[in-house]
Amino acid sequence: VSFINVSNKADVTARLNELKMLPVGKDPASVAARKELFSGMDGNNNGYLSLAELDGGLRRVLSAAVLVGARPAIQRAFHAAKTARPESSGSQGRAALSDDMVERGEEFRLYLLYLRRYLELLAAFEQVDTDGDRRLDRDEFEEACASGLLSDWGVDVTDVDREFAAMDLDHGGKVLFDEFAHWAITRHLKLPGARPLPRSAAPEAGEGEGEEEGEEEEEEEEE
């Protein structure tokens with residue numbers, strides 16, 4: 001799959017609008033839509049989705065424009081959902097199975113919530129990655145700062161070198177999407193029209209972005 005650098009703001013807006021259609025809410029309509037979505041992906045009806053099933057199912061509900069080059073975001077959302085939920089109280093076999101699967105119910109809702117956020121961050125990453133090699137270097141980051149792009153996203157950078165070093169977790173001189181996403185969430189980066197993660201759904205300690213979810217309770221989802 002080729003990697004597309006997204007520079008057209010209209011394209012980014014269209015992608016963000018499509019992501020808003022993911023049923024991540026706790027209202028009855030979102031719960032019903034999420035159940036239907038899960039059932040359509042769960043071919044063997046065992047209540048769990050593998051990463052491959054999630055990947056295939058998403059390609060039936062999201063456009064190619066959203067999913068091109070999206071594997072890093074899909075994987076990060078998967079692992080965030082797995083670490084956000086407490087261990088299952090079921091049998092040992094069921095718990096072992098769930099280690100490599102996303103479970104029906106709240107875990108699947110969290111997966112969709114994280115997926116939306118990480119795909120939004122992927123759109124941001126692609127705009128900074130001007131040569132489209134899936135890695136950010138210091139010059140690309142400096143250009144994004146100088147152009148006002150990062151300021152438009154709510155991130156003011158006063159020291160380019162220090163900020164780039166904070167992103168470059170392995171000190172390799174290049175920043176991959178996973179590193180960028182971690183940095184972007186801690187810096188509360190937000191594209192116009194995107195939604196931050198609610199504080200209660202932070203995938204890593206300290207990564208909550210300040211938005212609270214609605215107070216309504218989600219209906220109990222079928223086991």
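Is Asp178 buried, partly exposed or exposed? I started my notebook here, with a predicted model on the screen. Asp178 has a relative accessibility of 44%, so I put it down as partly exposed.

**Entry: Arg76 and Asp178.** I looked up the partner next. Asp178 makes a salt bridge with Arg76, and their closest N and O atoms are 2.4 Å apart. This pair links distant parts of the chain, with Arg76 in helix H5 (residues 71–84) and Asp178 in helix H11 (residues 177–186), 102 residues apart. Arg76 has a relative accessible area of 9%, so I noted it as buried.

**Entry: Asp137 and Lys174.** I found another salt bridge here, at 3.7 Å from N to O. Asp137 sits in the loop between helix H7 (106–128) and helix H8 (138–146), while Lys174 sits in the loop between helix H10 (160–167) and H11, so their pairing ties together parts 37 residues apart in sequence. I have Asp137 as buried at 18% relative accessibility, because the cut-off for buried is under 20%. Lys174, at 27%, is partly exposed.

**Entry: Asp55 and Arg59.** My next stop was within a helix. Both residues belong to helix H3 (residues 51–61) and lie four residues apart, about one turn of the helix. Asp55 is buried, with a relative accessible area of 11%, and Arg59 is partly exposed at 44% relative accessibility. I also noted that Arg71 joins Asp55 and Arg59 in one network, through salt bridges that share partners.

Key. Residues are numbered from 1 along each chain as its sequence is written. This is a predicted model: local features need pLDDT of at least 70, side-chain atom pairs count only at pLDDT 80 or more; totals for chains, interfaces and linings use all residues. Side-chain values use heavy atoms; hydrogens and water are left out. Helices (H or I, at least four residues) and strands (E, at least two) are DSSP runs, numbered from the N terminus. Buried means under 20% relative accessible area, exposed over 50%, partly exposed in between (1.4 Å probe, protein chains only). A salt bridge is a side-chain nitrogen of Lys or Arg within 4 Å of a carboxyl oxygen of Asp or Glu.
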